[in-house]
Amino acid sequence: MREEVFTDLLSRQWAQGRMACVGLDPDMAVVRASVTEPDTEQAITAYACAIVDATADLVCAYKPNIAFYERWGVPGLAALKNIITHINTVAPQTAVIVDAKRGDIASTNEAYRDALFGYFGADAVTVQPYLGVEALRPFLDTRDKGVIVLCRTSNPGSGELQNLQTSGETLYQRVARLAQHDWNTQGNVGLLVGGTYPQEIAEVRTITPTLPLLVAGVGRQGGSVGDAVRAGATAFGGMIISSSRAVIEAAPGPAFAEAARQATIRLHAEIEQARSVVTA
Ligand SMILES: O=C(O)c1cc(=O)[nH]c(=O)n1[C@@H]1O[C@H](COP(=O)(O)O)[C@@H](O)[C@H]1O
């Protein structure tokens with residue numbers, strides 16, 4: 001496990017104007033079209049590491065979703081480990097958020113914590129709060145590591161549960177309030193908000209003036225980067241704006257890495273443009 005504290009990594013990146021994040025969710029058809037390595041572990045590793053090399057100066061974080069590695073079994077998980085090691089080597093100031101959406105009883109969460117922070121070396125993970133804060137303790141008590149709690153997700157059906165009214169507020173507002181006032185005792189909690197719901201991002205930001213907000217759902221899911229940033233950015237940054245397919249699948253084929261760089265430049269520019277309005 002490396003020593004860097006997640007929130008320190010983030011603050012330094014924000015201070016340098018970086019809020020973009022590239023989601024490393026490799027689709028095997030795209031990988032095969034883009035690199036020549038026949039072996040699954042080597043192909044996924046080569047593909048993702050080339051994207052890292054092409055974008056590391058532009059982003060505050062990378063967000064591999066573990067599902068895209070687990071689906072290939074041992075070679076996929078070995079590739080994920082290789083990629084995180086590569087990021088730590090070539091971009092040691094860039095955070096790695098492993099998107100695993102974990103959350104189980106506390107003893108099982110201890111096993112998830114050891115796998116994600118210990119074995120894989122994540123700086124932060126995504127978790128779901130459905131079992132309550134007591135169950136999330138193993139993550140929350142790892143104070144150097146970020147714990148990003150699903151609050152208002154980007155998918156069309158997210159309101160089915162997250163919009164339910166609970167004591168005069170919605171469930172996602174309640175999650176935001178608990179995160180800000182009760183769960184963040186170690187200063188390592190963030191919230192996931194969907195870029196497809198800027199109004200809800202604004203509500204969450206009102207409830208949580210200080211927590212980092214991870215935004216997914218811009219790019220291929222159609223969320224507006226500008227609307228998300230205007231709804232949730234703070235004077236210090238405050239957000240991690242993540243895009244996966246729109247960046248890493250920008251041009252499957254030999255020029256995939258350069259195309260990913262150009263897509264990341266556009267993402268960064270959209271963030272910058274919206275931030276200039278926020279901070280003006
Ligand atoms: O936790 C997440 O990152 C997440 C939350 C959410 O509400 N919506 C969402 O799309 N995600 C993840 O963000 C990534 C989105 O990928 P793209 O739609 O290709 O940018 C995937 O890894 C999703 O699992």
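The model in which it sits is predicted.

**Surroundings of M19**
- Apart from neighbours within four places in sequence, M19 makes contact with W14, C60, G237, M239, I240, I241 and I271.
- Between M19 and A250 there are 231 residues in sequence and 20 Å in space, taken from C-alpha to C-alpha.

**Overall fold**
- The protein contains 13 helices and 10 strands.
- A compact globule of 280 residues would have a radius of gyration near 19 Å, and the protein, at 18 Å, agrees with this.
- Along the principal axes, the C-alpha atoms occupy a box of roughly 55 × 45 × 35 Å.
- Of the 280 residues in the protein, 50% are buried.
- Of the contacts between residues at least 6 apart in sequence, 72% connect residues at least 24 apart.

- In soluble globular proteins, nonpolar side chains tend to be buried together.
- Here the largest nonpolar core comprises 88 residues, and V149, L191 and I241 have the most contacts inside it.
- Helix α13 (residues 256-279) provides the largest share of this core, with eight residues.
- Beyond its neighbours within four places in sequence, I241 is in contact with M19, A20, C21, V215, V218, V225, A228, V229, L267 and I271.

**Strands β4 and β5**
- Strand β5 (residues 146-152) is mostly covered, with seven of its seven residues buried.
- Strand β4 (residues 124-127) pairs with β5 in the parallel sense, over four bridges.
- Within this pair, V125 stands opposite V147 of β5.

**Ligand shell**
- The ligand is surrounded by 19 residues, of which N65, T153, A216, S244 and R245 are the closest.
- At least two residues of the shell come from each of β3 (95-102), β8 (189-194) and α12 (245-248).
- Sorted by class, the shell around the ligand holds 11 polar, five charged and three nonpolar residues.

Conventions. Residues are numbered from 1 along each chain as its sequence is written. This is a predicted model: local features need pLDDT of at least 70, side-chain atom pairs count only at pLDDT 80 or more; totals for chains, interfaces and linings use all residues. A nonpolar core is a set of buried Ala, Val, Leu, Ile, Met, Phe, Trp, Tyr and Cys residues joined through C-beta atoms within 7 Å. A residue is buried if 20 or more other C-beta atoms lie within 10 Å of its own, exposed if 12 or fewer, and partly exposed in between; C-beta atoms are placed from the backbone. Two residues are in contact if their C-beta atoms, placed from the backbone, lie within 7 Å. A residue is near a molecule or strand if its C-beta atom, placed from the backbone, lies within 6 Å of it. Ala, Val, Leu, Ile, Met, Phe, Trp, Tyr, Cys and Pro count as nonpolar, Asp, Glu, Lys and Arg as charged, and the others, Gly among them, as polar. The radius of gyration is taken over C-alpha atoms; the globule rule is 2.2 Å times the number of residues to the power 0.38. Two strands pair if DSSP finds at least two bridges between them.
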